[in-house]
Amino acid sequence: MADPAVSPAIHPTRALVLSTGAFTICFAVWTIFAIIGLQIRETLSLSETQFGLLVGMPILTGSLIRVLLGVWTDRLGGRTVFTLTMLAAAAATFLLSFAQTYPQFLLAALGVGIAGGSFAVGVAYVSRFYPAGRQGTALGIFGVGNVGAAVTKFAAPFLMLALGWQGAAQVYAGVLAATAVLFWWLSEEDPVTAARTCGEAPARSFAAEFAPLADIRVLRFSLYYFFVFGGFVALALWLPRYLVGVYGFDVAVAGLIGAAYSIPGSIFRAWGGALSDRYGARAVLYWTFGVSALAALALSLPTGQTAMAPAGFIALVFVLGLFMAIGKAAVFKHIPVYYPQNVGAVGGMVGMIGGLGGFVLPIAFGWLKDATGLWSSCFMVLFLIVAACFAWMHLTVRRLDRAPAGQPA
């Protein structure tokens, strides 16, 4: 597949830096309830179920909206859609500070979740600035914006202490709105959108935008991302509770370990993109799924008197998180290669399924713990998912090796 032509007037590095910075702020806003939700919970005397729904609502809506935002990006261009997405999320975050009842908080959380949809916008926007041989690295660097979750864990408590949760929400809204204005001012249209604006490329129908979503490969890539992203987010949320429940860690220490888990897991995504460009995304995913399966299997051993030492457990979990981070970039390396005209729609679908994993898996972990009494049951679930990913990918590769040359993967 030929690489897209990039005009000398286009500045890929500027697009990547601006998009990564904007996505970092969006991700920080997307996870704001993880911190301010604690004070809201005390104010409203919420039950565990009510609190879980409040914290999970932005994750859910931010995942579901990704397909729609991705399609709009393919049609209107990432510069416009990214800016409007940030402004809409900023308005919702500002209005959040005026909520007083639980239904009002849930409604505000729906709006805050729009910030999470920015991932699909950024993937489609950034990929258009780079040829196929560099898209893995570029999208891996863009994905480092996941570190915004760690930014919130460190910054939001100080803001909440000084200004209250309402003030913290308003500061976040102001920063996101300012980011939107700066992004619009400093960014430029991607090459595809610029060509359409000048009449050099034809407009596409809505049917053409959605057509690739019926491809079985999209479902396969979605399952991969359900594990590498959804599983990573779920572990980041579940790990502090696990350390307290199994090893008796102090809540503060367990929280710091959870935050430390999130940071390298985001940064190593960039390395995963570079590895995918150099060795191929399929080879990187073989390593990702293979090592992850072994780590999850070892961590699945029933806890109790046979539980591994805390240091060994933490080290193994960090290995699992490292390969999940690498795998995130490898999954998205496939998308602009196989679907260069539909990166927004396909990337939105894959991102949506991955985001839903981050919403569904923590609930499943809690249910399994209650049903089985085994803390390690969460890793049993992750092992089954990664084993399914590995098996499906390997069977597909075997089938392609026996197929006539030229059949798509």
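User: Which residues have the most contacts inside the largest nonpolar core?

Analyst: Phe227 and Phe379 do, in a core of 115 residues. A nonpolar core here is a set of buried Ala, Val, Leu, Ile, Met, Phe, Trp, Tyr and Cys residues joined through side-chain atoms within 4.5 Å. Helix 12 (residues 216-247) gives the most to this core, with 17 residues. Please keep in mind that this is a predicted model, where local features need pLDDT of at least 70 and side-chain atom pairs count only at pLDDT 80 or more, while totals for chains, interfaces and linings use all residues. Residues are numbered from 1 along each chain as its sequence is written, and side-chain values use heavy atoms, with hydrogens and water left out.

User: What does Phe227 touch, not counting residues up to four places away in sequence?

Analyst: Its partners are Phe232, Phe289, Ser292, Leu320, Met324, Leu382, Ile385, Val386 and Cys389. Contact means heavy atoms within 4.5 Å.

User: Why does Gly113 count as buried?

Analyst: Buried means under 20% relative accessible area, exposed over 50%, and partly exposed in between (1.4 Å probe, protein chains only). Gly113 has 0% relative accessibility, so Gly113 counts as buried. You will find Gly113 in the loop between helix 6 (102-112) and helix 7. Leaving out residues up to four places away in sequence, Gly113 touches Trp30, Pro58, Thr61 and Gly62.

User: And why does Thr179 count as buried?

Analyst: Its relative accessibility is 16%, so Thr179 counts as buried. Thr179 belongs to helix 9 (residues 148-186). Beyond its neighbours within four places in sequence, Thr179 is in contact with Ala22, Ile25 and Met86.

User: What makes helix 1 and helix 7 roughly antiparallel to each other?

Analyst: Angles under 35 degrees count as roughly parallel, over 145 as roughly antiparallel, 65 to 115 as roughly perpendicular and the rest as oblique. The axes of helix 1 (residues 12-30) and helix 7 (residues 118-127) cross at roughly 175 degrees and come within 10 Å. The two helices are therefore roughly antiparallel. Ala15, Leu16, Ser19, Phe23 and Cys26 of helix 1 make the contact with Ser118, Phe119, Tyr125 and Val126 of helix 7.

Notes:
Axes are lines fitted to C-alpha atoms, for helices over the stretch in contact, and angles run from 0 to 180 degrees between N-to-C directions. Helices (H or I, at least four residues) and strands (E, at least two) are DSSP runs, numbered from the N terminus.
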